[in-house]
Amino acid sequence: MAVKIRLERCGCRNRPFYRIVAADSKSPRDGKHLQVLGFYDPLAADKEDNKHVGLKFDLVQHWLSVGAQPSDPVRRILMRAGLLSPPSMVVMGKKTGPSAIAQADAVTGPV
């Protein structure tokens, strides 16, 4: 069973609220999930007292350690929270193939 960490939509029409869940990759978006790992409220920026993102760090670490793959939106949320490191930037020098690949630093540019 392949496990994905993804968003499950809750809330009303025009008022989205998402749960961050660990679910089987073959289950539908709002279907059965294995465990709730946190929440994401995209409209909480309007309110000052509510939180925008809430995560259970120990549960997220557990699911990542057993091989769960985060979806792209969840990957961005986890990178902002500091649970995942940003991907290394690769710069192609010439179109000659893999021998021309050079590592690049995100801040300073090509090495």
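In the predicted model, strand β3, which spans residues 35–40, pairs with β4 in the antiparallel sense, and three bridges connect the two strands.

The pairing of β3 with β4 belongs to an open sheet of five strands, arranged in the order β4-β3-β2-β1-β5 and mixed in its pairing. The edges of this sheet are formed by β4, covering residues 53–55, and by β5, covering residues 69–70, each of which pairs on one side only. Helix α1, comprising residues 57–65, lies across β1 (3–12), β2 (15–24), β3, β4 and β5. Relative to β3, the helix runs at an angle of about 120°.

With regard to charged side chains, the structure holds one salt bridge. This salt bridge is formed between the side chains of Glu8 and Arg19, with an N to O distance of 3.5 Å. The two residues are 11 positions apart and link distant parts of the chain, Glu8 being located in strand β1 and Arg19 in strand β2. The computed accessibilities of the two partners were also examined. Glu8 has a relative accessible area of 6% and is therefore classed as buried, a class that requires a value under 20%. Arg19, for its part, has a relative accessible area of 34% and is accordingly classed as partly exposed.

Methods: Residues are numbered from 1 along each chain as its sequence is written. This is a predicted model: local features need pLDDT of at least 70, side-chain atom pairs count only at pLDDT 80 or more; totals for chains, interfaces and linings use all residues. Side-chain values use heavy atoms; hydrogens and water are left out. Two strands pair if DSSP finds at least two bridges between them. Helices (H or I, at least four residues) and strands (E, at least two) are DSSP runs, numbered from the N terminus. Contact means heavy atoms within 4.5 Å. Axes are lines fitted to C-alpha atoms, for helices over the stretch in contact, and angles run from 0 to 180 degrees between N-to-C directions. A salt bridge is a side-chain nitrogen of Lys or Arg within 4 Å of a carboxyl oxygen of Asp or Glu. Buried means under 20% relative accessible area, exposed over 50%, partly exposed in between (1.4 Å probe, protein chains only).
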